Amino acid sequence: MTTKDMKEKIQQIFKEKFGEPGTLYASAGRINLIGEHTDYNGGFVFPGAIDKVMMAEIRPNGLDKVRAYSVDLEDYAEFGLNEEDAPTQSWARYIFGVCREILKRGGQVKPFDTVFAGNVPLGAGLSSSAALESCFAFALNDLFNGNSIDKFELAKIGQSTEHNYCGVNCGIMDQFASVFGKKGHLMRLDCRSLEHEYYPFDPEGYKLVLVDSRVKHELADSPYNRRRESCERVAKRLGVETLRDATMEALNAAKSDISAEDYFRAKFVLEEKDRVLAVCDALVAGDYETVGQKMYETHRGLSKDYEVSCEELDFLNDVAKDLGVTGSRIMGGGFGGCTINLVKDELHDKFVEEVKARFNEKYGHEPNIYDVVISDGARRYEE
Ligand code: GLA
């Protein structure tokens, strides 16, 4: 659905259910050019917000409970704002979690009515959940707190919602990208210091293309949390706070004390940390061949050492390589979802056509293809 159609649908349903109009807010899904599974290791990431959003219309209702309607799931929930009022539907727990995390920090939230929808594909690794959290965190800050909560805290409110209400022990990348996203720019974030820099991104002669395997990735209760535990065990063994502060020499010296699995997890993270920095330099130099090569290296590491790929994603990566695509890799947490591909303009149409045909031949359905437009993050939606 286009964002404009979605807005009209939300407004129409809000009017039917709750009467007087509220205020519209939106926040974006994200891509990540490079730096995967580095965020919770204190490393670097390189995300950007995209032109697909979660959008909500919201109005304080003067009642003692929140009334929420999900357009996409055609489901309704009501809940109070105390800890014991947690709703059972998992989609509503994202909204409840954001309310609770604001209240826990001493912020204000009053009951409200809301209708929301999204065109960020679910389970595709584009962070629809972070977009939802960031949309509500931004909105409740605007409506009830005079925008006194700073943007980093808004991102952390979303992240804590995942940890405390949704069972995913995620890093900060997705919520950061969704809150801080800026049209035409990627962001290099140092997840240890939270220092960040915007990089204009408009690679002349190339396009970013997402190929969605449509294998649904689900991070809650998944091996995602176990990957994080492996990293934390190795960091502890090496006497550092996070793997950001570890070296390959130290890791190799401790190899005999670490399980083979944990060793390969940590090795990937240390290599990925260096790759992000190499990609930043290559981008500044306009050297997209190096960017692409690093993307392939990341895919290999995510597949063989970090083991978060799946057959379909490896297949997509092989097809990209075979067709001469400049760079291709799994994007996001893994276990399904999309590959991100850096494709020369002249190869674009052929790539899209071939990747669809070859995937269809092998798996019996076409992958979804999304062209990436780097866009703004959380905002009042006034377009
Ligand atoms: C998910 C998490 C992020 C990050 C990525 C992998 O998207 O939510 O915090 O760890 O996986 O880079």
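Helix α2 is followed by G106, whose phi is positive, near 85°. Helices (H or I, at least four residues) and strands (E, at least two) are DSSP runs, numbered from the N terminus. The model is predicted: local features need pLDDT of at least 70, side-chain atom pairs count only at pLDDT 80 or more, and totals for chains, interfaces and linings use all residues. Residue numbers start from 1 along each chain as its sequence is written.

The 15 residues of α2 (residues 90-104) should span 21 Å at 1.5 Å a residue, and the end C-alpha atoms are 20 Å apart, which agrees; the expected span is 1.5 Å times one less than the number of residues. Eleven of the 15 residues are buried, so α2 is largely enclosed by the rest of the structure. A residue is buried if 20 or more other C-beta atoms, placed from the backbone, lie within 10 Å of its own. Among the buried residues of α2 are Y94, F96 and I102. The buried residues pack against β4 (66-70), β5 (75-79), α3 (128-144) and α4 (151-166), a contact being two C-beta atoms, placed from the backbone, within 7 Å.

In strand β9 (residues 206-212), five of seven residues are buried. Strands pair if DSSP finds at least two bridges between them. Seven bridges join β9 to β11 (residues 338-344) in the antiparallel sense, with L342 the bridge partner of L208. β9 also runs antiparallel to β12 (residues 368-371), over four bridges; there I369 is the bridge partner of V211.

Definitions and conventions
A residue is buried if 20 or more other C-beta atoms lie within 10 Å of its own, exposed if 12 or fewer, and partly exposed in between; C-beta atoms are placed from the backbone.
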